[in-house]
Each structure stands twice: as structure tokens, then as C-alpha cells.
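This report describes a model of protein chains with DNA strands. Please look at the sequence and the 3D view before reading the sections below.

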Protein chains: 2
Amino acid sequence: MRARKQPYHHGDLRRSLLEAALQLIDEQGVAALTLRAVARRVGVSHAAPYRHFNDRESLVAAVAEEGFRGMLAALQAAAERAARNKADGLTALGVAYVEYALAHPSALRVMFATELADRARYPALAAVSSVTHDVLVQRVSEAQAAGRVVAGDPQELAFAAWSMVHGCAMLLLDGQMPDAVPRDLAKAVTRCLELGLAVRKGAK
Amino acid sequence: MRARKQPYHHGDLRRSLLEAALQLIDEQGVAALTLRAVARRVGVSHAAPYRHFNDRESLVAAVAEEGFRGMLAALQAAAERAARNKADGLTALGVAYVEYALAHPSALRVMFATELADRARYPALAAVSSVTHDVLVQRVSEAQAAGRVVAGDPQELAFAAWSMVHGCAMLLLDGQMPDAVPRDLAKAVTRCLELGLAVRKGAK
DNA sequence: CACTCATGTTGACATCGACAACATTGCGGT
DNA sequence: ACCGCAATGTTGTCGATGTCAACATGAGTG
């Protein structure tokens, strides 16, 4: 069998570091996400991560990027499911967003962490986050074409929808609603969103 | 004149520390909020802050608390202004929320910082944040009574409103909408919110 | 006037991010 | 087959930070 002595070169250290980072965040929160701790967990020296990440923030950004990719996949899966069932794609998207947030709270926290405020410094992160946004805008446009959503700038309507869902997720994650059932609130929010965007047949 | 030599006792160090903390965040971001940096700015020794804050997180929590108080004042002022002008109090609240966020981005970031996720550890913070929430619920109830908002659990409706406005503020602060005019987006969101909550005269 | 305790200071330690200098090895060109 | 280079890891180190313990100061109270 192959010698168990760790080969000097790890193979795919970058990926291992990312996975360890996710575990750390899950177990001990974002504050515990330390370059040295990640290195320890993977079993490499404390400076090894610097070969793959410029600094701590770069690691955080990379983890956030992973999070966005995961969410993007979840959103697209939800949209396809909705399309197959002839259901409302927009609503499905909103529900999927909140569900992903509740299922991966630490990922969400990293994705929108304060440290990463200036996206300009992390183009890859900005890109994947932008794609996510585009998916949403696209669904809004489709819903408009199908006559299910009021006319108007799809960018602005999408932003409104995103705001609502994102805010809901964040408030739930932050425990701002301690005595409530998250899913009920999410439902209420989604319903309000539907009403707000729906084509209004009546006067007013 | 009074001796300029710093008296051994500062007088109101706690308040000074809080103000220095706010300045630091404004100037250099949340990451620069360091116990030692705050102490330096105030001109006391590096361990002095420990007489007023248990640890770094406690300081952050206290700053967040200040932020909530400021926002609460802004919201209440906006509500009163709206009442005098017979305008819609709920909309005024939403606009005031986003405006406060855009005017005090660093405060907002601290208020909803990741580190303070478990509010249980900071009762004072939880309290003032809860009061803010109550104000919103109250306005929703009033709007319902005035027939301007659909019937339903005011808690849930208020949460939906809060979600939307909070999400809008957060996304704008995070620069997720780089090529847009913040105020336009805020308007769009608020309008969507109004529509979503409004009493529907027509058929669905 | 003396005592006491809150408030502030000094000094120390472990940890962290970051860098530089050095070690190892996979890989491509000859 | 050999050489050499560049990517990848390691060790050592530095300054800064959070945190604690031991000590100093003085404001207010009896």
C-alpha cells in the first residue's frame, strides 16, 4: 500500500481548505474561521493556506463563493421543478431562497458577511452573486410575459422580490423573531410578495 | 485653569469609548473596531475598556444598541411627521428605515453583524431591537384599523414589511446593486410593499 | 480623616495574520 | 535520462490583538 506518510504535496489542498472552512463555520461560527485553524484541521502548516489564498478575507470570499454556487443550484432546481409542475416559478424561487438560508445558515452568513462588503475586491464572488441575481430577473420577466406579474422594470421588481426574501431570511437567521415558526413567517412574506407583484384586476 | 494632566479617572469613559467606537467604524470599517484602538483613541490604557465591557463582543453589542436607539428615534420622528401630514405612516416608516440605513451604513452593519447572531447573550440589545419591531407592528395595526391594510395577523404582516425594507437596505449596503440609484430602488420596493399590503378592492 | 471599592495602569501570555527564507517535488525541455 | 524551474509546503519570526492578573489611584462615605 501507498506510504501513509503525508506526501509533501497535498494534492488538492485548496479544496480541502474550503471544506474545512465550511465545517469550522458550521461548528463554531464565522469568528472561528481562522487561517491557522483551517490549516490545523487539514493537517498542514500554519502558512500553507497562503499558497492558495492571499489573506484571510480571500478565504472568506472563496467560502462565500461556494455558498452562492450552492444556492444558485438550489434555486435553479426549484425553478425547474416549478416549471414541470406548471407552478409559479417566482414563488418557488422565493421559497427555495428562504429554505436554503434556513438549511445553511452559516453559509448565508458568510455570503453576506460584513467583511466582504466591497465586492469589487472579489470579482469571482461578484460574478456568481450577479448570476444569481440574473436568474431572478429572468423569472420576473417570464412571469410578466405570462401575465402573472405587473408590468414595470423587471430589474426593479426583481430587486423588490429579492429584498423581501433576503430580508426575511436574514431576520430569521438573526433570530429577530424568536417566538415564531420560521416557515409560517416565510409563507406570510411570500404571500405578501405575490400580492404585491400580482396583476391587479380590480380598481384601486 | 484646570490641570490638563489627565485626571486618573476619566469621568465617563464608557460613553467616550462608545463614541470612539462609532468613529472608528465610520472611518475604517467594522474590522477596525478593536478594543485597543478604541482605548488609544480615547487616550486610556489598553485594558481600561475591560472595566466597562466584558469583552470585544460586548463593546460591539453596545455599539449596536446605540444604533438601534438612533434608528428608533428616526423611525418615530418619521411616523410623527407622517401623522401630522395625514400621510401613510407605514410607508413613511419604510422610507425612514432605508434612509437611516443609507445615512449610517456602518451603524446598520454593526446592528446586524454576524457576531451578534445569538441575541440571547445581549438582553439589552434584544430589548431595543424588540421595541423597534413593536413600533412597526403598531403601525401595521393602525393601518389595518384605518382600512388601509388587509386584515391578517399584524405580526406576520409587519414581519413581511420589515423583511422587505430590511432586505432592501442590506442589499443596497452590500453593494449588490452596483449600477442602480439606491433611492429609485427603495421607491420601487416601497411601492411593491404598499401594493402587497393594500386592501384589495377588486377581485383577485 | 481613614477606608474601601470602582476605575485605570502595567505587564504578561497565547493566538493570529502576515511575511521571508528555506525545503521538497512534480514537470517540462533537452 | 538528466537538469532546472516553479509550484507547493514548512519553519521561524514579527507586530497586533484579546484577555487576564497584579498593582495604583482617588472619589466618596462612614
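## Between the two protein chains

Across the interface of chain B and chain A of this predicted model, 2 residue pairs are in polar contact, both at pLDDT 80 or more. A polar contact is a pair of N or O atoms within 3.5 Å; within protein, one must be able to donate a hydrogen and the other to accept it, and residues adjacent in sequence count only if both atoms are side-chain atoms. Helix 6 (123-145), helix 7 (154-173) and helix 8 (182-197) of chain B each supply at least two residues of the side that touches chain A. The largest share of that side, 13 residues, comes from helix 7 of chain B. By class, the side of chain B that touches chain A has 21 nonpolar, 10 polar and 8 charged residues. Here Ala, Val, Leu, Ile, Met, Phe, Trp, Tyr, Cys and Pro count as nonpolar, Asp, Glu, Lys and Arg as charged, and the others, Gly among them, as polar.

The contact (heavy atoms within 4.5 Å) takes 39 residues from chain B and 38 residues from chain A. The size of an interface is often given as the accessible area lost when the parts come together. Chain B and chain A bury about 3700 Å² between them, and 69% of it is on carbon and sulfur atoms. This buried area is the accessible area (1.4 Å probe) that two parts lose on being put together, summed over both. The count of salt bridges between chain B and chain A is 0, where a salt bridge is a side-chain nitrogen of Lys or Arg within 4 Å of a carboxyl oxygen of Asp or Glu.

## Around DNA strand D

DNA strand D is surrounded by 25 residues, and the closest are S45(A), H46(A), R51(A), H52(A) and R36(B). A residue is near a strand if one of its heavy atoms lies within 4 Å of it. Of the atoms of DNA strand D that come within 4 Å of the protein, 54% belong to sugar and phosphate. Helix 2 (residues 35-42) of chain B gives the largest share of the surface near DNA strand D, 3 residues.

A base oxygen of DNA strand D lies 2.8 Å from a polar side-chain atom of H46(A). Chain B reaches phosphate oxygens of DNA strand D: a polar backbone atom of L35(B) is 3.3 Å from one, and a side-chain N or O atom of Y50(B) is 3.2 Å from one.

## Around DNA strand C

DNA strand C has 24 residues around it, of which R36(A), S45(B), H46(B), R51(B) and H52(B) come nearest. Sugar and phosphate make up 53% of the atoms of DNA strand C within 4 Å of the protein. Helix 2 (residues 35-42) of chain A gives the most to this surface, with 3 residues.

A side-chain N or O atom of R40(A) is 3.3 Å from a phosphate oxygen of DNA strand C, and a polar side-chain atom of Y50(A) lies 3.4 Å from a phosphate oxygen. R51(A) has a polar side-chain atom 3.3 Å from a base nitrogen of DNA strand C.

## Chain A by itself

Chain A has 8 helices and 0 strands. Helices (H or I, at least four residues) and strands (E, at least two) are DSSP runs, numbered from the N terminus. Of the 204 residues of chain A, 50% count as buried, meaning under 20% relative accessible area (1.4 Å probe, protein chains only).

## Notes on the model

Residues are numbered from 1 along each chain as its sequence is written, while chains are lettered from A and ligands numbered from 1 in the order in which they are written. In this predicted model local features need pLDDT of at least 70, side-chain atom pairs count only at pLDDT 80 or more, and totals for chains, interfaces and linings use all residues; side-chain values use heavy atoms, with hydrogens and water left out.
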